[in-house]
Amino acid sequence: MIDLKILRDHPERVREAVGQKGADCDVDAVLEADRTRRAALREVEDLRSRRKAANAEMAALPKGSPEFRGKVGEMKRLSAELKEKEAGLRTVETAWEEAILSIPNLPHESVPVAPDPSGNRVHSTWGEAGTDNPYARPHYDIPWLEDVVDFRRGGKVTGAGFPFYRGDGARMVRALVQFFLSEAAARGYEEMYPPLLVNEASATATGQLPDKEGQMYQTVEDSLYTIPTAEVPVTNFYRDEILPEASLPLKVCAYTPCFRREAGSYGKEVRGLNRMHQFDKVELVKWVHPSRSYEELESLRDEAEALVRQLGLPYRVLLMCTGDLGFTQAKKYDIEVWAAGQQRWLEVSSCSNFEAFQARRAGTRFRDRDGGVEPVHTLNGSALAVPRILAALIENNLQADGTATVPEVIRPWFGKAVMGTPNR
RNA sequence: GGAGAGGUGGCAGAGUGGCCGAUUGCGGCGGUCUUGAAAACCGCUGUGCCGCAAGGCACCGGGGGUUCGAAUCCCUCCCUCUCCGCCA
């Protein structure tokens, strides 16, 4: 949620941000809704105040006395009017809330302004992309791939985008997750395993609702949503809580399956492991003091990068432009690994600072030294998404015999130095 | 899933229709006393919204209702606990 003070005092800044993000949102309509709400609220509170006073007078009178009965008449009139005005206020507030939730977060000043992904800036690169392995090929064309990631049977049992991992595939998913989690633990993150379904309030706090419900699967009977990322349940862990300032920064890592409907995706984007409806990911979430959130964003990005480096995958870091920022994000880095077989970059991590946007919606605040209460800043980043890492590892590490070497750091968990079946 | 009991401020726990946003205890903060500490005593100690401010309004699990008036009565949903059933 936007800071109301900024909206009221500097609507031009909000208008500019909405334009830069290409958001579908009428700032002036929101301002109007805000004025309407405040006017209605004052009316109602004035009436309530008068009724309260009348009630106090009445309570001091002997019950059933003529004066008492006279007061009842006055109270009746006040209450009737109040009831009407309160109903009006409810309508106005519903509209206000909807309006206010439609305003996206403001981009940070360091974010390049551009309407579409072509405006994303390459922040850094690591390793050699494109010039390497002569045996590389797209992972979905590798003969043994279907032996370790069974899309066909996944499609039969559930649907497209829900594969079975088996044998080396299943083991590799587990090995990667263990590697990611143990690295996060070494960096001071507390491990959590959260619920995989969340309620409406949680999905609203992190920004999936009200607009993006199409991204999530829903239960038929209990209005619960499957999580598109661990960000949702984990960020909501401290919803409606006031944290001691001394506890910040709080750092949590969580491995979860993630579920995304991905309606409208097609083509090479969704081939093989590139984009699926269910995938595994380790997510890092931080709650930090507002004065430190941009340093924390950099360290978050560093931590995600370190994982990719240890896996030996060439990658680049993009600083996302305004037009490619999500609704809730103030600043975001994407980390993309080079998949030598497909000859393309695959996004494996996204590290974002939400500033106070989610915290305001979630009611996660901290008490500062002077006893004041203000929203924390929240951040999160993937570290990392499993399937695309797996795809890149296989493609980049293919050998002449058709098998793929396994990075050193994964071997303790994977138990072998190669995966796959040699050519015959 | 069935039966019962509950959900009140950081915690404990009063309050069953009208100065109750709420008695009290504990905890926390400040002070007095003390060489220091403890004890004792005194004071303060929720959040949100509206307002330039003074101040006002709301919140006793959520929502709705009855009533001139609801923490208190009714309905409904959610959650917790106990017992039974079922299970990993």
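## Basis of the description

Helices (H or I, at least four residues) and strands (E, at least two) are DSSP runs, numbered from the N terminus. By that numbering, Pro249 belongs to the loop between strand 7 and strand 8.

The model is predicted: local features need pLDDT of at least 70 and side-chain atom pairs count only at pLDDT 80 or more, while totals for chains, interfaces and linings use all residues. Residues are numbered from 1 along each chain as its sequence is written, and chains are lettered from A and ligands numbered from 1 in the order in which they are written.

## The surface near RNA strand B

RNA strand B is surrounded by 20 residues, of which the closest are Arg48, Ser49, Ala59, Met75 and Ser79. Here a residue is near a molecule or strand if its C-beta atom, placed from the backbone, lies within 6 Å of it. Sorted by class, this surface near RNA strand B has 9 nonpolar, 3 polar and 8 charged residues. In this classification Ala, Val, Leu, Ile, Met, Phe, Trp, Tyr, Cys and Pro count as nonpolar, Asp, Glu, Lys and Arg as charged, and the others, Gly among them, as polar.

Helix 3 (27–60) and helix 4 (66–101) each supply at least two residues of the surface near RNA strand B. The most come from helix 3, which gives 12 residues.

## The pair formed by helix 3 and helix 4

Helix 3 packs against helix 4 at an angle of about 160°, and their axes are 8 Å apart. Axes are lines fitted to C-alpha atoms, for helices over the stretch in contact, and angles run from 0 to 180 degrees between N-to-C directions. Helix 3 is therefore roughly antiparallel to helix 4; angles under 35 degrees count as roughly parallel, over 145 as roughly antiparallel, 65 to 115 as roughly perpendicular and the rest as oblique.

The crossing of helix 3 past helix 4 is left-handed. A crossing is given that name if the near helix is turned anticlockwise from the far one by less than a right angle, and is called right-handed if clockwise. The contact of helix 3 with helix 4 has 19 nonpolar, 4 polar and 13 charged residues. Two residues are in contact if their C-beta atoms, placed from the backbone, lie within 7 Å.

Strands of a sheet pair through backbone hydrogen bonds, either parallel or antiparallel. An open sheet of 8 strands shows mixed pairing in the order 1-10-11-12-15-9-8-4, where two strands pair if DSSP finds at least two bridges between them. Its edge strands, each pairing on one side only, are strand 1 (121–126) and strand 4 (190–192). From one strand to the next, the twist averages 25°. Strand 4 and strand 8 (residues 250–259) run parallel and are joined by 3 bridges; Glu190 has Val252 of strand 8 as its bridge partner.

Two helices pack on this sheet. Helix 7 (residues 168–186) touches strand 4, strand 8, strand 9 (278–288) and strand 15 (377–385), and its direction makes about 5° with that of strand 9. Helix 10 (residues 293–310) touches strand 1, strand 9, strand 10 (315–319), strand 11 (331–339), strand 12 (344–353) and strand 15; the direction of helix 10 makes about 5° with that of strand 15.

## Helix 7 against helix 12

The axes of helix 7 and helix 12 (residues 386–396) come within 10 Å and cross at roughly 110°. Helix 7 is thus roughly perpendicular to helix 12, and the crossing is right-handed. Met172, Val173, Leu176 and Val177 of helix 7 meet Val386, Ile389 and Leu390 of helix 12 in this contact. By class, the contact has 7 nonpolar, no polar and no charged residues.

Strand 7 pairs with strand 13 (residues 364–367) in the parallel sense over 4 bridges, and Glu241 stands opposite Thr364 in strand 13.

## Backbone features

Leu248 and Pro249 are joined by a cis peptide bond with omega of about -5°. Another cis peptide bond runs from Ala383 to Leu384, with omega near 0°; Leu384 is found in strand 15. Asp240 is not a glycine, yet has a positive phi of about 60°. Asp240 is located in the loop between helix 9 (231–235) and strand 7.
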